Amino acid sequence: MNWYLTALKRFGDFSGRSRRREYWWFILMVWVLAIVLFFVDLTLGTGSETGYGLFSGLFSLAMFVPLLSVSVRRLHDTGRSGLWLLILFVPILGALAILVLALLDGQPGDNRFGPNPKGA
C-alpha cells in the first residue's frame, strides 16, 4: 500500500525513476480498486453499456495521469524514454513490449534520468 501512495504522491511527476516494486504495487492497487468500484457500480445500478459505471469511470479518469507518470518513470529506470509508451498504439504487440520492459530490472547506478531508486 505504501508503494501505491508513493506513486500517487508523485502525481504528474514525469522525471526520475521508479522501481519495479513501486510500479507493480501501483498497478495491483489500481486493478483491485477498479474491480471493487465495478461491483459497486453493478450493485447501485450506475453502470452503462460501455462497461464503465459512474464510480469506475471517475476512478479511471482520476488514475490516468498517475498511471502515465509511473509508467514513464518505470521506463526511465530501464534507460528508455517515456516516448516508448507510444508503442501501445500497436495492437497486442505494443502491450506485450511494454509488459516486458516493465518486468526488466532497472539500470544499475545512475542513468540520464536520475539516480538509481534502489540506492545501490
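## A charge over a ring

Arginine 80 lies over the face of tryptophan 84, 5.8 Å from the ring centre. This placement, like everything else reported here, is read from a predicted model.

## The chain as a whole

The protein chain has four helices and zero strands. Along the sequence, its pattern reads α-α-α-α. The C-alpha trace spans about 50 × 35 × 20 Å along its principal axes.

Of the 120 residues in the protein chain, 32% count as buried. Taking contacts between residues at least 6 apart in sequence, 64% join residues at least 24 apart.

## Helix α1 against helix α2

Helix α1 covers residues 2-9 and helix α2 covers residues 20-44; the two pack at an angle of about 95°, and their axes are 8 Å apart. That angle makes α1 roughly perpendicular to α2, because angles of 65 to 115 degrees count as roughly perpendicular.

On the α1 side, the contact is made by Trp3, Tyr4, Thr6, Ala7 and Leu8. On the α2 side, Arg21, Glu22, Trp25, Phe26, Met29, Val30 and Leu33 take part. Sorted by class, the contact of α1 with α2 has nine nonpolar, one polar and two charged residues.

## Helix α1 against helix α3

Helix α1 also packs with α3, at an angle of about 90° and with the axes 9 Å apart. α1 and α3 are therefore roughly perpendicular to each other.

Here Tyr4, Ala7 and Leu8 of α1 meet Phe59, Met63, Pro66, Val70 and Arg73 of α3. The contact of α1 with α3 divides into seven nonpolar residues, no polar ones and one charged residue. Tyr4, Ala7 and Leu8 of α1 are listed in the contact with α2 and again in the contact with α3.

## Helix α2 against helix α4

The axes of α2 and α4 cross at roughly 130° and come within 9 Å.

By class, the residues of the contact of α2 with α4 are five nonpolar, no polar and one charged.

## Aromatic pairs

A pair of aromatic rings is described by the distance of the centres and the angle of the planes. The count in this model comes to three aromatic pairs. One of them is formed by tyrosine 23 and tryptophan 24, with 4.9 Å from centre to centre and 85° between the planes, an edge-to-face arrangement. Tyrosine 23 is buried, at a relative accessible area of 9%, whereas tryptophan 24 counts as partly exposed at 30% relative accessibility.

Phenylalanine 38 counts as partly exposed at 35% relative accessibility. Phenylalanine 39 counts as partly exposed at 48%, because exposed means over 50%.

Isoleucine 92 is in the loop between α3 (54-77) and α4 (93-103). Its phi is positive, about 60°, although isoleucine 92 is not a glycine. With 66% relative accessibility, isoleucine 92 counts as exposed.

Leucine 104 has its place in the segment after α4. At 35% relative accessibility, leucine 104 counts as partly exposed. The C-alpha atoms of leucine 104 and leucine 75 are separated by 9.4 Å, while the two residues are 29 residues apart along the chain.

How values were computed:
Residues are numbered from 1 along each chain as its sequence is written. This is a predicted model: local features need pLDDT of at least 70, side-chain atom pairs count only at pLDDT 80 or more; totals for chains, interfaces and linings use all residues. Side-chain values use heavy atoms; hydrogens and water are left out. Axes are lines fitted to C-alpha atoms, for helices over the stretch in contact, and angles run from 0 to 180 degrees between N-to-C directions. Angles under 35 degrees count as roughly parallel, over 145 as roughly antiparallel, 65 to 115 as roughly perpendicular and the rest as oblique. Contact means heavy atoms within 4.5 Å. Ala, Val, Leu, Ile, Met, Phe, Trp, Tyr, Cys and Pro count as nonpolar, Asp, Glu, Lys and Arg as charged, and the others, Gly among them, as polar. Rings of Phe, Tyr and Trp (its six-membered ring) pair if their centres lie within 6.5 Å; planes under 30 degrees apart count as stacked, over 60 as edge-to-face and the rest as tilted. Buried means under 20% relative accessible area, exposed over 50%, partly exposed in between (1.4 Å probe, protein chains only). A charge sits over a ring if NZ of Lys or CZ of Arg is within 6 Å of the ring centre and within 35 degrees of the ring normal.
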